[in-house]
Amino acid sequence: MDFQHLLSLFIFFLLSFPNFSNSSVLARFLNEKNMDNSYIRLKKSDLWTGFDPTRVIQLSWQPRAFLHKNFLSDEECDHLINLAKDKLEVSMVADNDSGKSVKSEVRTSSGMFLDKKQDEVVETIEARIAAWTFLPHENGEAMQILHYENGQKYEPHYDYFHDKKNQKLGGHRVATVLMYLSDVGKGGETVFPDFEGIETQPKDDTWSECAHKGYAVKPRKGDALLFFSLHPNATTDPSSLHGSCPVIEGEKWSATKWIHVRNFEKPARAERGKCVDENANCPQWAASGECQKNPVYMVGGSKGAIGYCRKSCNLC
Ligand SMILES: O=C(O)CCC(=O)C(=O)O
């Protein structure tokens with residue numbers, strides 16, 4: 001029997017049994033065919049970012065918060081830690097009035113920022129975050145890697161800003177993705193003191209005292225927490241107040257991706273010949289020897305890349 005006969009027979013079958021066209025068999029056939037054109041094809045290709053909606057648990061609508069189990073592989077977690085571990089500095093917070101980064105007892109971890117698309121692994125994770133959040137890559141800040149040792153914490157705070165300075169580039173932070181890069185013996189939970197479902201979360205003594213004060217998420221290597229700091233109507237959401245409980249046993253590694261309402265790409269670099277500093281911290285960094293210790297960033301690279309602190313490094 002040739003193909004045309006087979007096709008006629010199939011159409012005859014559909015017309016004779018109209019219910020079949022609504023049946024789950026046909027729906028499944030069509031769905032699978034559709035998926036083959038998008039989801040499955042992407043999965044097979046090198047571009048597949050690994051976002052899996054079936055691993056997402058919705059935690060709350062106030063704030064909008066979701067947990068993605070196994071968002072990162074063990075290898076990805078270890079890779080991010082390795083990129084950061086020699087470059088950690090005391091974490092800072094944004095001053096509510098001036099918007100400047102300052103040291104504070106509120107936040108006692110250490111951390112560092114990776115570059116966006118720093119390498120293939122970072123780029124793949126950033127693409128996965130964009131796919132999960134439906135927010136474009138360019139609205140994201142560079143990923144921040146955080147390390148908490150025994151007793152270190154981040155007191156409850158908002159990720160949206162209270163000052164205007166920090167909103168100049170990209171506007172408010174709309175969403176945060178917190179990725180846990182390690183398990184923690186005890187403590188280190190991310191806690192939401194004003195979460196709508198606090199009382200619906202039973203807690204035994206595996207949770208720290210701090211975690212009992214709110215809805216809490218235990219750090220598990222590879223899991224990722226997504227929550228929104230703005231309501232769908234773009235006003236700030238106070239129920240997004242959150243913090244990191246002190247680590248009681250072990251250590252905690254996490255990676256944070258803050259995502260803004262608009263493009264967060266820095267404006268084009270200063271013109272090649274101009275003798276300028278392009279970061280407000282340049283004088284301080286230069287004074288502490290960064291021109292010699294970190295010449296690629298401060299002064300420029302051998303391939304013609306221009307540095308960010310040429311004025312403070314006395315290059316001109
Ligand atoms: O590490 C955590 O659990 C919280 C981190 C955090 O609040 C932040 O980076 O904004």
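Biologist: Which residues touch the most other members of the largest nonpolar core?

Modeller: A nonpolar core is a set of buried Ala, Val, Leu, Ile, Met, Phe, Trp, Tyr and Cys residues joined through side-chain atoms within 4.5 Å, where buried means under 20% relative accessible area, exposed over 50% and partly exposed in between (1.4 Å probe, protein chains only). In this structure the largest such core has 31 residues, and L80, I145, M179 and L181 touch the most other members. The model is a predicted one, in which local features need pLDDT of at least 70 and side-chain atom pairs count only at pLDDT 80 or more, while totals for chains, interfaces and linings use all residues. Residues are numbered from 1 along each chain as its sequence is written, and side-chain values use heavy atoms, with hydrogens and water left out.

Biologist: Which element gives the largest share of this core?

Modeller: Helices (H or I, at least four residues) and strands (E, at least two) are DSSP runs, numbered from the N terminus. Here α5 gives the largest share, five residues. For one member, I145, the contacts (heavy atoms within 4.5 Å) beyond its neighbours within four places in sequence include L80, A84, L181 and W253.

Biologist: How should I read the angle at which α5 and α6 cross?

Modeller: Two packed helices are described by the angle between their axes and the distance between the axes. Axes are lines fitted to C-alpha atoms, for helices over the stretch in contact, and angles run from 0 to 180 degrees between N-to-C directions. The axes of α5 and α6 come within 10 Å and cross at roughly 120°. Angles under 35 degrees count as roughly parallel, over 145 as roughly antiparallel, 65 to 115 as roughly perpendicular and the rest as oblique, and α5 and α6 are therefore oblique to each other.

Biologist: Which residues meet where α5 and α6 are in contact?

Modeller: From α5 come E76, H79, L80 and L83, which meet V121, V122, I125 and R128 of α6.

Biologist: What is there to notice about the backbone at P63, N70 and F134?

Modeller: Most residues other than glycine have a negative phi, and most peptide bonds are trans. In this model a cis peptide bond, with omega about 5°, joins Q62 and P63, and P63 sits in the loop between β1 and β2. N70, in the loop between β2 and α5, has a positive phi near 50° and is partly exposed at 44% relative accessibility. F134 has a positive phi near 60°, lies in the loop between α6 and β7, and is exposed with a relative accessible area of 73%.
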